[in-house]
Amino acid sequence: MPANTKYELKLGAATREAFGKTLAELGRENPNIVVGDADLTKSTMTTFFAKEFPDRLFECGIAEANMVAIGAGLAMAGKIPFVSSFSAFVMTKGFEQLRCLVAYPNVNLKVVGTHSGISIGEDGPSQMSMEDLALACALPNFTVLCPADEVSTKWAVRWAAAHQGPVFIRTGRPKAPAIYQSAAQFEIGKAVELVPGADVTLVATGLLVAEAIKASDLLAAEGISARVLDIHTIKPLDEEALARAARETGALVVAEEHLVDSGLGVRVAQALARTVPAPVEFVGLTRFAESGSPDQLLDLYGLRAPDLVAAARKVIARKK
Amino acid sequence: MHRISNPTDLAVICRQIRRHIITMTGAAKSGHPGGSLSAVEVLVTLYWDVLRHDPSNPKWPLRDRFILSKGHAAPVLYAVMAECGYTPVESLNTLRKLGSIYQGHPDIRYIPALEASTGSLGEGLSLALGMGLAARLDRSPSRTYVMLGDGEIQEGQIWEAAMFGSFNKVDNVCAIVDYNKLQLDGAVKDILELEPLAAKWRAFGWHTLQIDGHDIPAVQSALSEAAATKGKPTCIIAHTVKGKGVSFMEGDPKWHGVTPNPEEVELALKELA
């Protein structure tokens, strides 16, 4: 249910802000919701929860591995913990703890990475996560979510709280274009078809969903009918929607703010290899970025609607 | 569980646990007998005299918890849990075999009564602190005990957790270091020295005790001092002997990860008769 499929999408809240506010709402509804943070509450926006529930916010200091493991202990004692930090830190410094203490025993911990991708901007590569989806998808038992906007993030956080099992949610720093109206409904593992189309499918996640919608408008002007799928659930992947897209449109472009060699693109290619093989082009990151404004970086690193349009033309040319 | 506090009675149980460790690891032909034998008195005292637990109701919400952070010492934990009635004694010798509930390292998928799956070193103290925080939020009397290996505390996460535990006054958590002075590659002092160990824990804000970890009354008294200590967590440094109870295993790093052959099993069992 897109609010707007015209070229200009209005900016909504950042997905990290939607996370923080939803977490505070959940805190009011369920006393078992507890939160761990690693000296970034004002950035991850767990500060909203911290203000209302200081006794249930565990500030772990700059010690992500300990934070993840403390969260696992809280979960094993019956709490519903959300632990949060920049994606770049919680997924890398906490990975071994996520593997052994969370994924392997299937512990009910929720991990929310913020400031994902290069759209964190000025802070530069050490703070930019380009591999967090790869790491999260490498963990059995984990559900992996990458919502595109405020409304879908609220759903993702609420879904995670209600779900029994580990979840990773990827969120971002900048304000995100509003894709959905507040009444939109989502289903775990089900892609949302935002724009119908017959010639090519643009498969996008996170911030790139808005770019895919813009690209479909640009392609329409060229007479190309581009379907847009929002993959808010990276794992489990909606293989059925992808197979249908491959069958009905014959070519796909996958767009993500992540390394192309290990993110949504390879998962889509794997899914199609075992269902309906079709040509696919990949829009994403291939190298470490640099400092700059989010807009400058998205332009420079090729994560914009015109980049999707070029990839769409290329993949359509490959159709048999 | 029926509490046993008499040190002589506990020593009898310790002997039985050691026999299990020898036969289990002998049958498995792989595993970690040395660091299992060093931990026997601490675990037996915990499970028979200290922990509030009920083998017929392992998920009793108010129970005390024990985490074997040095998960490779699984044989001692399995033997203790089996003798307590959590799991069958008769299948202890399936240790490490395909399909056995007695997996190479403690695995909660196979033994739900375990408090944690462990094996990757350095993580159990944080887990225990998380459980301690949950108990505090719930105003539960539950206490959490966690055994750390000496080599294990070379892991950085232990010290992240140590800082966190004292700063947050998680006084319902007690760490016990099985200080047997040996790790896989040799003596701890030659691999990466921990001393001054008690001073380190004190500097990190823990109420710190040093005991002979094979002296049952000393273990009992340290554990009750830990329970009585408020405002900070307690660390008990239990000085132990790797391979304790079997003359040819004591103090020899070889027995960290090597198991006794049938002749050695027989010899060891004679000593433990």
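**Exercise 1. Determine which side chain the side chain of Asp107(B) meets in a polar contact, and whether Asp107(B) is buried or exposed.**

Step 1. The side chain of Asp107(B) makes a polar contact with the side chain of Arg109(B), at 2.9 Å; a polar contact is a pair of N or O atoms within 3.5 Å, where within protein one must be able to donate a hydrogen and the other to accept it, and where residues adjacent in sequence count only if both atoms are side-chain atoms.

Step 2. Asp107(B) is found in the loop between α4 and α5 of chain B, helices being DSSP runs of H or I with at least four residues and strands runs of E with at least two, numbered from the N terminus.

Step 3. With a relative accessibility of 2%, Asp107(B) counts as buried, a word that stands for under 20% relative accessible area, while exposed stands for over 50% and partly exposed for what lies in between (1.4 Å probe, protein chains only).

Step 4. When neighbours within four places in sequence are left aside, Asp107(B) is in contact with Tyr104(A), Tyr78(B), Leu114(B) and Ser117(B), contact meaning heavy atoms within 4.5 Å.

The model is predicted, so local features need pLDDT of at least 70 and side-chain atom pairs count only at pLDDT 80 or more, whereas totals for chains, interfaces and linings use all residues. Residues are numbered from 1 along each chain as its sequence is written, chains are lettered from A and ligands numbered from 1 in the order in which they are written, and side-chain values use heavy atoms, with hydrogens and water left out.

**Exercise 2. Describe the place of Thr94(B) and what Thr94(B) touches.**

Step 1. Thr94(B) lies in the loop between α4 and α5 of chain B and is partly exposed, at a relative accessible area of 30%.

Step 2. Not counting residues up to four places away in sequence, Thr94(B) touches Ser100(B) and Tyr102(B), and its side chain makes a polar contact of 2.7 Å with the side chain of Ser100(B).

**Exercise 3. Classify the aromatic pair of Tyr78(B) and Tyr102(B), and state which parts of chain B the pair ties together.**

Step 1. A pair of aromatic rings is described by the distance of the centres and the angle of the planes. Rings of Phe, Tyr and Trp (its six-membered ring) pair if their centres lie within 6.5 Å, and planes under 30 degrees apart count as stacked, over 60 as edge-to-face and the rest as tilted.

Step 2. The structure holds 11 aromatic pairs over all chains. In one of them, the rings of Phe86(A) and Phe89(A) have centres 5.6 Å apart and planes at 10°, so this pair is stacked.

Step 3. For Tyr78(B) and Tyr102(B), the centres are 5.0 Å apart and the planes stand at 55°, which is a tilted pair.

Step 4. Tyr78(B) lies in helix α4 (residues 74–84) and Tyr102(B) in the loop between α4 and α5 (124–137) of chain B, so the pair ties together parts that are 24 residues apart in sequence. Both Tyr78(B) and Tyr102(B) are buried.

**Exercise 4. Work out how many residues of α4(B) are buried, and what covers them.**

Step 1. In α4(B), 10 of the 11 residues are buried, and the helix is mostly covered; among the buried residues are Leu77(B), Tyr78(B) and Met81(B).

Step 2. The cover over these buried residues includes α1, α2 (34–37), α3 (40–50) and β1 (65–68) of chain B.

Step 3. After α4(B) comes Gly85(B), whose phi is positive, near 105°.

**Exercise 5. Show how the buried residues of α10(B) are arranged, and which exposed residues lie on the face turned away from them.**

Step 1. Helix α10 (residues 262–271) of chain B has the buried residues Glu264(B), Val265(B), Ala268(B) and Leu269(B).

Step 2. Seen down the axis of α10(B), these residues fall within an arc of 135°, so they line one face of the helix; the arc is that of the directions from the helix axis to the C-beta atoms.

Step 3. The buried residues of α10(B) pack against α1 (7–28) of chain B, whereas the face turned away from the buried side carries the exposed residues Glu263(B), Glu266(B) and Lys270(B).

Step 4. At the start of α10(B), a side-chain oxygen of Asn261(B) reaches to within 3.1 Å of the backbone nitrogen of Glu263(B).
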